[in-house]
Amino acid sequence: MENSYTIENYLKAIYKLSEKTTDTVTTNDIAAALSTKASSANDMIRKLALKKYLKHEKYRGVQMTDKGNKVALNVIRRHRLWELFLVKTLGFKWNEVHVIAEQMEHVVSDDLINRLDHFLGYPKFDPHGDPIPDANGKIQKLPLIPLEELKKGQSGTVTAVVDHSDAFLKYLEKHQLNIGCKLKVIDRNEYDNSLNLSINKNQTLHVSSTVAANLLIKIQ
């Protein structure tokens, strides 16, 4: 019998993978996301399918069921609320909270999480700009595009980040590329697709295509 932590971790990972594709999610994708062997992932997928969390066809990948989505969204809700609490209330930096929230997301008291949500003022987004599902699993998604897609002269607001790694978030902090800052593409370099940016109209910065791919922008 698999413990609830393992079930929740798998369902959360599969949900996030499914957000990135219109196709089914493959066993290899799931194994890579969870840093495990494909054979182990396949065993777990079969168990989750038996519990009706997933639909699984051999050689065709998996799809989440409504039951699976409900569990995954609840885990994501807990994780993102804890991240916001750690940053907003306890003063942690946004690059310090992911690992802690990974542990706290498995606290399954609905009363605790609902009180936490109320305490924080029913927030819609976490410190990284990711939407927080409400108590009914509804999630607000904004029409965002990667910075790399902006053309010369276009402006927008940094609204979310794709890469939550410690190194990337520290890079953003160092260069004051925070959630809410205003950017304008001054120039695009054809050779390597790097960008020259104006930040909040008071500084300029050259960023690589990798950085530009990992910043999500709301167009102004």
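Two strands are taken as paired if DSSP finds at least two bridges between them. Helices (H or I, at least four residues) and strands (E, at least two) are DSSP runs, numbered from the N terminus. The model is predicted, so that local features need pLDDT of at least 70 and side-chain atom pairs count only at pLDDT 80 or more, whereas totals for chains, interfaces and linings use all residues. Residues are numbered from 1 along each chain as its sequence is written, and side-chain values use heavy atoms, with hydrogens and water left out.

View 1. Six strands form an open sheet with antiparallel pairing, in the order β3-β8-β4-β5-β6-β7. Its edge strands, β3 (145-146) and β7 (203-207), each pair on one side only. Two bridges link β3 to strand β8 (residues 215-219) in the antiparallel sense. Ile 145 has Ile 217 of β8 as its bridge partner.

View 2. Strand β4 (155-161) is mostly covered, six of its seven residues being buried; buried denotes under 20% relative accessible area, exposed over 50%, and partly exposed the range in between (1.4 Å probe, protein chains only). β4 is joined to strand β5 (residues 182-188) by three bridges, and the two run antiparallel. Ser 155 has Lys 184 of β5 as its bridge partner. Five bridges join β4 to β8, also in the antiparallel sense, and Ala 160 stands opposite Leu 216 in β8.

**View 3. Helix α7 across the sheet.** Helix α7 (residues 166-174) lies across β4, β7 and β8 and runs at about 145 degrees to β4. Axes are lines fitted to C-alpha atoms, for helices over the stretch in contact, and angles run from 0 to 180 degrees between N-to-C directions. Contact means heavy atoms within 4.5 Å.

View 4. Ile 113, Leu 116 and Asp 117 are buried in helix α6 (residues 110-119). These residues lie on the same side of α6 because they cover an arc of only 100 degrees around the axis, the arc being that of the directions from the helix axis to the C-beta atoms. Arg 115, His 118 and Phe 119 are exposed on the other side of α6. Helix α4 (66-88) is included in what covers the buried residues of α6. Just after α6, Gly 121 takes a positive phi of about 85 degrees.

**View 5. The surroundings of Arg 78.** Arg 78 lies in helix α4 and counts as buried, at 2% relative accessibility. The side chains of Arg 78 and Glu 8 are joined by a polar contact of 2.9 Å. A polar contact is a pair of N or O atoms within 3.5 Å; within protein, one must be able to donate a hydrogen and the other to accept it, and residues adjacent in sequence count only if both atoms are side-chain atoms. Not counting residues up to four places away in sequence, Arg 78 touches Glu 8, Glu 105, His 106, Val 107, Val 108 and Ile 113.

View 6. The structure holds two aromatic pairs. In the pair of Trp 82 and Phe 85, the ring centres are 5.8 Å apart and the planes stand at 85 degrees, so the pair is edge-to-face. Rings of Phe, Tyr and Trp (its six-membered ring) pair if their centres lie within 6.5 Å; planes under 30 degrees apart count as stacked, over 60 as edge-to-face and the rest as tilted. Trp 82 is buried at a relative accessible area of 8%, and Phe 85 is buried at 17%. Trp 82, Phe 85 and Phe 119 form one aromatic cluster.
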